[in-house]
Amino acid sequence: MDLTQVIREGMPVYPGTEPPKIVQATTVEKEGFAEKLITMFSHTGTHMDAPAHILKDGPTLDQISADRFVGRAVVADLSDLSGVIGLSDLERYGDDLKGCDFFLYRTGWSDMWGDAGYFEGFPVLSTEACEWIVDKGIKGIGVDAISVDPVDSLDLPNHRVFLGAGMVIVENLTRLEDLPSSVTLCCLPLKIADSDGAPVRAVALLDS
């Protein structure tokens, strides 16, 4: 199941950045082959944050082994919550996280993709909740919102907790509401040199 937003001109992007520019550079009719010239920020669409996104000496995505981008994921439906998501909201997933690699949490904000409200008011994890997730020793976390921190946050504390622990963060996921409580997640980023982040094609493999 595809969990990835489509990259296109005019799409939602993090406030302050520019949307991608996609130019039809050649065509089959004129040059005999079609190619597009694409210009975009590294954190466009459904994308992955590397520790280097926030930490000066943190590893970049091309330095991280590809097996860190695939694994078993717990899918938590937290769409009935608002404001700050506390530790007490997550503890019921503790046993499920044993032996898993990713924690995906649904806020419901992907329903507002393309609307101004997508950038406002989405629930975020408390610092205590973030540290609890880190203590599980998993590879990464994913969310169906623009960020794991509020858009107006200056110090990005949740990013620092996760990335400081060597985890990766996947943002702007979609269709989490269609997933069962546990799936195999594949989210492979483009292998760009010195990449602080990159778009991913995030896919959930459902159990037969």
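Hi everyone, let's start at the largest pocket, which is lined by 16 residues, with Tyr-14, His-43, His-47, His-53 and Glu-171 lying nearest its centre. A pocket here is an open set of points on a 1 Å grid over the protein atoms alone, with protein on both sides within 12 Å along at least five of seven lines, and lining residues have an atom within 4 Å of a point. Please keep in mind that this is a predicted model: local features need pLDDT of at least 70, side-chain atom pairs count only at pLDDT 80 or more, and totals for chains, interfaces and linings use all residues. Residues are numbered from 1 along each chain as its sequence is written, and side-chain values use heavy atoms, with hydrogens and water left out.

Back to that pocket: it holds about 240 Å³ of space, a volume being the space filled by probe spheres set on the grid points. Its lining divides into five nonpolar, eight polar and three charged residues.

The second largest pocket has a volume of about 190 Å³. Among the residues that line it are Asp-2, Leu-188, Pro-189, Val-200 and Arg-201. Which strand gives the most to this lining? That is E11, with three residues. By class, the lining splits into seven nonpolar, three polar and two charged.

So much for space; now the strands, which are DSSP runs of E of at least two residues, while helices are H or I runs of at least four. E11 (residues 197–205) pairs with E3 (residues 47–49) in the antiparallel sense over three bridges, where pairing takes at least two bridges found by DSSP. In that pairing, Met-48 stands opposite Ala-198. E11 also pairs with E10 (residues 182–189), again antiparallel, over six bridges. There, Pro-189 has Val-200 as its bridge partner.

Next, the aromatics. The structure holds four aromatic pairs, counted when ring centres of Phe, Tyr or Trp (its six-membered ring) lie within 6.5 Å; planes under 30 degrees apart are stacked, over 60 edge-to-face, the rest tilted. Why is the pair of Tyr-93 and Phe-103 edge-to-face? Because their planes stand at 65 degrees, with the centres 6.0 Å apart. Tyr-93 sits in the loop between helix H1 and helix H2, and Phe-103 in strand E6, 10 residues apart. Tyr-93 is buried at 9% relative accessible area, and Phe-103 is buried at 0%; buried means under 20%, exposed over 50%, partly exposed in between, with a 1.4 Å probe and protein chains only. Ring pairs link Tyr-93, Phe-103 and Tyr-105 into a cluster.

Key
On a 1 Å grid over the protein atoms alone, a cavity is a set of points where a 1.4 Å probe fits but cannot get out, and a pocket is an open set with protein on both sides within 12 Å along at least five of seven lines; lining residues have an atom within 4 Å of a point. Ala, Val, Leu, Ile, Met, Phe, Trp, Tyr, Cys and Pro count as nonpolar, Asp, Glu, Lys and Arg as charged, and the others, Gly among them, as polar.
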